[in-house]
Amino acid sequence: MKQYQAGTRDTGRSSTSSWRRLGGFVKPILPRLLMGFICAMGAGVVALAIPQVLSSLVNTVLYPGGDAAALRSTVLLITLLGIAEALLVFMRRVFVITPAARLETQLRVGFFRHLQQLPVSFHDKWGSGQLLSRSMSDLSLLRRWLAFGAVMLVVATVTVVLGLALMFSSNWVLGAIYLAGAVPITVRAYRFRNVFRTASRLSQDQAGDLATAVEESVHGIRVIKAFGRSRHMLDGFARQAHELRSTEIGKARSLSNFLAFVVSVPQITLALGLLAGIWLTVQGQLTVGGLVAYFATAAVLAGPVEGIGMLLGMTLTTKTALDRHFEVLDAPNTIASPAAPMAPVRQLGALEFHDVTYSYPEAPAGGIPVLRGLNLRLEPGETMALVGATGSGKSTLLQLVPRLYEATSGAVRIDGVDVRDYDLRVLRSVVSVAFEDTTLFSASIRENVMLGAQPEPGRDPEQVLAEALETAQGGFVHSLPEGLDTVIGEEGLSLSGGQRQRLALARAIAARPRILVLDDPLSALDVNTEELVTAALRRVLAGTTTLIVAHRPSTVALADRVALLRDGGIEDVGTHAELLHRSEHYRHIISSPAPSPSLEDLLEETDSKA
Ligand SMILES: Nc1ncnc2c1ncn2[C@@H]1O[C@H](COP(=O)(O)OP(=O)(O)OP(=O)(O)O)[C@@H](O)[C@H]1O
């Protein structure tokens, strides 16, 4: 279970910083957004002009003996204004939708790039659903807000201000009555903002957790079914879904209450305006046309006033989405290439762990580090087996070599150069890894195996692929429906554990690294296949420095020497025979009885007793 919990993260940033940072991304598309804004504003102004035309219609035409020609031209003008408004709305969409979608893609690609760069320790902590929801739904929210919400919020605000100005210019008393409604709305908006922002954050985080739950249960469907835990998983999922539902309902309720308030206040001020308007008309201080225009303007403003409420909700949700987005972008990439990378004088493939200590970041403070002052040296071209009890830190040690994790103290060196001084790309082309837990991508066999292979002048990639598959006993791929082009992985053909492991091994070999790091790569193979792979590997590994985690004597047989990992350090190094002979712990781990003493040993023992 990842440690991230919904709503537990404090961004530690001021509430405006996400907007400011978004401003940097929006700059290039600002001209188009401005054009969209001008169109939307034009549409708003046209909408406001219609009541004014109506007013002149009432004042100059609608009375006995009124000018019929003026009536026709006024109706024509209103029709033209209506068409102009529709055209401007269309143009607004044309101007803003493309740049908003482009910005969404740009941010999404940037987000993915950052995820790729972030260290493994970051991914250990974050649920995949959280990252999925931040890269998909949060950015869709932003696009919708940019293409619609932001523009309409400005337009609605400007429309309300213009409408108020028209009301004031017609009669200041009516304008003042309408404006008085803004005071309670502002007070209420402030309270709403605080409540809605918290609910928004909670619901987006809960949606991310829910996505993680789906992802985990889809991945673990076999285990869930095999253990008959479907009901249990469903209950857990339903509980989380209900929590999200409650949050969403709370959020919707808070928005509805606010909208009801926002809509009802102008209605009350309108009723007061009606009383005042009639009185003013009776007093002769306002024309009937002016009164009609006041009510028509108030009717036009009803939409923008309600819109401001809705758009405020949308803006707050977008702000939360942005906070969540930048929270991931702000996660520091602690494992990066140095500013001035170094290269070894001679590229031989010597690997050295010097006084290496490693503690997982999530480990409790003051806990014992997994690796503690570990020292080990592999000579160029040497194959060393790493043996240790389960949980002793073998995989952890291996992952320090390509800097998937970073030693807490001490140094890992390749050809005398600290791995932290290598350019990361160079380091990861020098070191190739095959994990016990194989990951294959939704791609062809060819693409999966050649994932880390660099083009080499004078070497045919097809030959590299064929050799890697042959070494890993991956001949089975030729009998797959489309041979090397068969798509495997999550959305492709399913392979057995042993087949997957052989492809992962072939992938590590095809990268033709100087240093090969193998985490128990033969564990899922049957004895016969393992023997064939071991024999082929022995040939391939001849010139490659290899550190191989081994649990079985057959894998250890590949190695020139064996290092025994215990209590966070290397307890002993020697050949398999030497360790069998002198280490009880080694015999215990490798599941072998003590070897029967050789004749020389017996003679030596007799001599010493004598
Ligand atoms: N991502 C992680 N976060 C925190 N602790 C971890 C993490 N991965 C491993 N550990 C802990 O570090 C210790 C060493 O784990 P590691 O996987 O390196 O052992 P191992 O020797 O490879 O075990 P095995 O032989 O079972 O594969 C274990 O106690 C494990 O619980």
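**Exercise 1.** Against which helices do the buried residues of α10 pack?

*Solution.* The model is predicted, so local features are read only at pLDDT of at least 70 and side-chain atom pairs only at pLDDT 80 or more, whereas totals for chains, interfaces and linings use all residues. Residues are numbered from 1 along each chain as its sequence is written. Begin with the element itself: α10 covers residues 230-282, where helices are DSSP runs of H or I with at least four residues, numbered from the N terminus. Next, list its buried positions (20 or more other C-beta atoms, placed from the backbone, within 10 Å of the residue's own); among them are Leu 244, Leu 255, Phe 258, Val 262 and Gly 277. These buried residues pack against α7 (172-180), α8 (182-219) and α11 (288-329), contact being C-beta atoms within 7 Å.

**Exercise 2.** State how far helix α10 reaches from its first C-alpha to its last, and compare this with the expected span.

*Solution.* The expected span is 1.5 Å times one less than the number of residues. With 53 residues, α10 is expected to span 78 Å, and its reach of 76 Å is close to that value. Just after the helix, Gly 284 takes a positive phi of about 80°.

**Exercise 3.** Describe the residues that surround the ligand.

*Solution.* The shell holds 13 residues, the closest being Tyr 360, Thr 390, Lys 394, Ser 395 and Thr 396, with a C-beta atom within 6 Å as the criterion. Helix α12 (residues 394-400) supplies the largest share, 3 residues.

Key
Helix = DSSP H or I, 4+ residues; strand = E, 2+ residues; numbered from the N terminus. Buried ≥ 20, exposed ≤ 12 C-beta atoms within 10 Å, placed from the backbone. Contact = placed C-beta atoms within 7 Å.
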